Each structure stands twice: as structure tokens, then as C-alpha cells.
Amino acid sequence: MRANHPSKRRRLGALSCLSSALVAAIGLTSPTYAAPPAAAAPPASASVSVMLPIEKYTLQNGLEVILHEDHRTPVVAVNVWYHVGSKDEPKGKNGFAHLFEHLMFQGSKNVGEDMFFKYLERAGASERNGTTNTDRTNYFETVPANELALVLWLESDRMGWLLDHANEETFASQRNVVKNERRQNYENAPYGLVPQFLRAALFPENHPYHLLTIGTPEDLDAARMDDVRAFFKTFYAPNNATLVIAGDIDRDRAKELVHKYFSPIAKGAPPPVATKPDPGDLATEKRLEIEADVELPRVTMSWVTPPGFAPGDAELDLLANVLASGKTSRLYKRLVYDLQIAQDVFAWQASSQLASTFQITATLKKGKSPEQALKLIDAELEKLRKAPPTKDEHERARAKLLSDLVFSMEQVTARANAINSYNQLAGDPGYFPKDVARYETATAADLQKAAADLLPQGRRVVALVTPKPGAPKAGRLVKQTESPAPAAAKAAAAPATERPATAPAIKDPAVAKPAVDKPAAGTPAPKGG
């Protein structure tokens, strides 16, 4: 990958304007959308403004439209976000947002059963899929530029007239697909139910994030076609959606096509979607003792942290890199290299709209003690609470995150999705330069403060997975205990919930398929955990 090239890393670590040079190198700063020159990128000392040129407007039916013009490659990416995720599901309807992701590909009024993908394949689509998480459901296609009209027709037909095609047979078949997906990825996967136990302990029962996006078998079995119709009419209205068109477009022509295909769709009632930050009520340390028919023990600790793009979110991204990104990171060096008790260790800030979670997971070697690993991780965390990372650690983490962020925007498919993410979660589709600035301006002292304030030992959930022959492979919760928070932890500031100054009062990774929501979100979660 280009982001890992040594010369890129050296430029990233040089000066505060390093990201501007990188952005210029991939052509995100050219207001005329011209191809970047063949010459080398500007030196780190050059003054280059970071920008992501966009135009945003709204149709009369409430559909938000965002255009991003880039003529460097003859393709166009269409990315639709419906602002509904598992957090917005009515009680007893867990899994509906994800179920709808499947139903939306089965056909609509003018698109026959299973024809959606066939149309795109014939058009030469390079990307076509959808994902669901706690906060939104997205659908995306990348096609040759001359096929834009086809994609807009397909997306508009299912936005406006899905229910003209969906029937009991389609609903039943896709419900079975989702149930099988749950069995494959959770119930029959090693450590597969640990995320469910963690989520339930992190957030109270009435919290929008208490349950997983995949859905519960009970709610999926109880679902009826009338429930499907009601969910669609409530959440799949144009006034609850944002359409991003990015790439090799003529903006006037794109606007004509958008008006032609989407304006006839009727506006819906304002949907009941949750947008207010909500950290829940975690005020103690909860310990989960889990047995699983697996070979290797595992320890996971999780905290409820500030929402995506709120103060503290970027600092925790950087802190995760200091802890567990690369072989010289603190936890990898201590657990994997020096003591050789773990085979891997990960840390990441999983950013979401209402609240985020910061998680550390170490998979241990056979026979090693989760309790021992927990003490060692706690010792490293305590060091960071008391003293900032070294200059080298800080600069390396910043360079890694900035390079990941910038180069994640290189492909127009990911860029379109990032624009949608910025629009919903930061209130600004052009938030990219501010996103870069978050990592550039965060100091080592800021990282220490984040560790002390946002990762207290007394307000977290610790899961210890012990191998047990005969137990479910996915895990079985055998005991949950709570310890009162120490006085110091009680006095610590609650997770911040303020939004950026530019955002009006408004990022869990995707459950079934990966999504590019928050560029440079840190190290991904280990499989099954």
C-alpha cells in the first residue's frame, strides 16, 4: 500500500502540514478537478489547503443530495445513506434495519426479483453492496461514468416503490438468510457471542446500543410482513436519506437525473431517529466470566467513550495506536514480544453517533492466564494515565492515522461514503479538513488526559474467556460481577458528548460487512471477537 511506503511515512512525521502535502499528492485539493501533475508532491513546508469540494442541496421531498466532481478516472460512485440503524428499531423489532438491507436488493416495482445485481453486472460495476450498523444503512455502487442514469433509476425505484414488489415469499427467504448469517458469524463462530455479552453490559436495556445490529432470533422469528411495510414507510422516506454522487460527473446533468428519478417520490412523516448523544449509565467495573470451546484464552476490556467527532474521539484513536499498532507498540511489545503470553493484541476506538466504545482485546497463548494479561494491560494503561506518550510514540501514531485517513480517500467509492459519514455524524459533508486537523493538533498531553478521563479502571466491562471443552464455541456467560468504582474514578469527568463547533447537535463497526465510515479508525477488531 502507498500509505506504508517509507518515504510517505517520513513526510508524515515531519511537520504539521504533512497531511496537506499528502492530500495534494492524491489530488484532493484541485478546485478545477484536474489530474494531479506527474511531478513529486509539494515539500512538507509548502502551504497547501486541504479540501474536499462538494455541493449540497435538498429536493422538495426532503432528499439531501451531495455532489463531488472528480474527473481523474472515468467512474462514478453512488452512495445512499438511510439514517436508520439498529438504534432506531422499535422494541421487539431488533434486526429489522439489517433485514431491510437484504430486502432492498431483491427487487422493486420496475426491477424484477434478483435483477438488481444483474443490471449492475451488465453495466460493468466494480462495487455494489450495502451495509448496516447501529446508526445507518447504506447502499453503494461504482460504475463507468456513462452508467450513472442506470444506478439512479435502480436506487430511486427501490426508495419509492419497494413495497410494490416485496411479498411474503421474498420476506421469508431473506429472513432465513439473516438468521443463517447470525448462526454463521455469531452463534457458531469462535468467541462469536462475546460482542453480544459486552454490548449488553456496556449499555442498559433501554439504550439504543444495548443489542447487536444482526438481530435476535426471537425478534426475527416474530416479524411479519405488516411489520416490514410499517418499517419501510417510517424510515425509508426520501426525507430520511442522503444521496452522494461522486466522480466523473457533469453536475448539471447529474442534477437533471436526480430530479427526474427522485422528485416523484413522496415525502414521508418525520422519522423517529435517535440523534442525541447518550453515554448510558455505566458507573462500575463489570466483569464477565465466559466459557467457550476454543483453544486460546482471551481478555477484552471495553469503555463507553465520546461519540464520533466529539472531543476525545481523535485522541482515543491516537491512543489506540500507541497501545497496539505495530510491533513496537506498548501492548504488543509487552505481551507478544517480551513476555510471549499473547499471540495478538488489538486496541481501537469504535466510533458511533450516540456514544462510542474503546476496546482492547488480547488473544493469549494456550494455557496462559487472562487474569495475568489483564494486570499487565492495566499496568500499561496506568502509565499512560500518569505520563504522556513519548514524542516518538506520538508522532508515529499521528503519522499512521493521517496516512490511513488520507489514503482511504484515494478511491472514489470510499470518498463518497466518507462524505455521507461526515454529513450525518459531523453535520458537515465537507468535514474532511477538520478531520485531518483533529489528529494534527492533538498533543501528547491530550492523549494522557484522554487515558485518565475516558478510560478509568472503575467504569468499564472486562470479559475473560476461558477455554472449556463442551461449552458453546461462541461462548457462554457463566458469571457477571460488579465492583464499585474507586473514588478517583467516580471523580473523573464523564465521557464528553459535545459536538464539534461546526456541527449542529448531532461513529460499532458494521455487523455483517465492513464499511468505510470513519477513515483511519485504528486497528480493526480481531475476527470473532
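Analyst: **Strand pairing and its surroundings**

Six strands make up an open sheet of mixed pairing, and their order across it is β1-β2-β6-β3-β5-β4; two strands pair when DSSP finds at least two bridges between them. Strands β1 (55-58) and β4 (127-132) are at the edges with a single partner strand each, so one side of each has no neighbour in the sheet. From one strand to the next, the twist averages 15°, with angles running from 0 to 180 degrees between the N-to-C directions of axes fitted to C-alpha atoms, for helices over the stretch in contact.

The model is a predicted one, in which local features need pLDDT of at least 70 and side-chain atom pairs count only at pLDDT 80 or more, while totals for chains, interfaces and linings use all residues. Residues are numbered from 1 along each chain as its sequence is written, and side-chain values use heavy atoms, leaving out hydrogens and water. The strands (E, at least two residues) and helices (H or I, at least four) are DSSP runs numbered from the N terminus.

Strand β7 (residues 284-292) pairs with β11 in the parallel sense over eight bridges, with glutamate 289 standing opposite leucine 464. Strand β8 (residues 298-305), by contrast, pairs with β11 in the antiparallel sense over five bridges, and here threonine 300 stands opposite alanine 463.

Turning to the helices, α5 (residues 148-161) packs with α10 (residues 251-262) at an angle of about 30°, their axes 9 Å apart. The two are therefore roughly parallel (angles under 35 degrees, whereas over 145 is roughly antiparallel, 65 to 115 roughly perpendicular and the rest oblique). Their crossing is right-handed, that is, the near helix is turned clockwise from the far one by less than a right angle, anticlockwise being left-handed. Residues of α5 including Leu152, Trp153 and Met159 meet residues of α10, among them Leu257, Val258 and Phe262, where contact means heavy atoms within 4.5 Å.

Helices α14 (residues 391-408) and α16 (residues 432-441) have axes that come within 9 Å and cross at roughly 170°, which makes α14 roughly antiparallel to α16. This crossing is right-handed, and its contact includes Leu401 and Leu405 of α14 together with Val436 and Tyr439 of α16.

Finally, two backbone positions are worth a look, since most residues other than glycine have a negative phi. Aspartate 114 has a positive phi, near 60°, in the loop between α3 and α4 (116-122), and is partly exposed with a relative accessible area of 41%. Phenylalanine 309, also not a glycine, has a positive phi of about 75°; this residue is in the loop between β8 and α11 (313-324) and is buried, at a relative accessible area of 3%.

Terms used:
Buried < 20%, exposed > 50% of the residue type's maximum accessible area, 1.4 Å probe, protein only.
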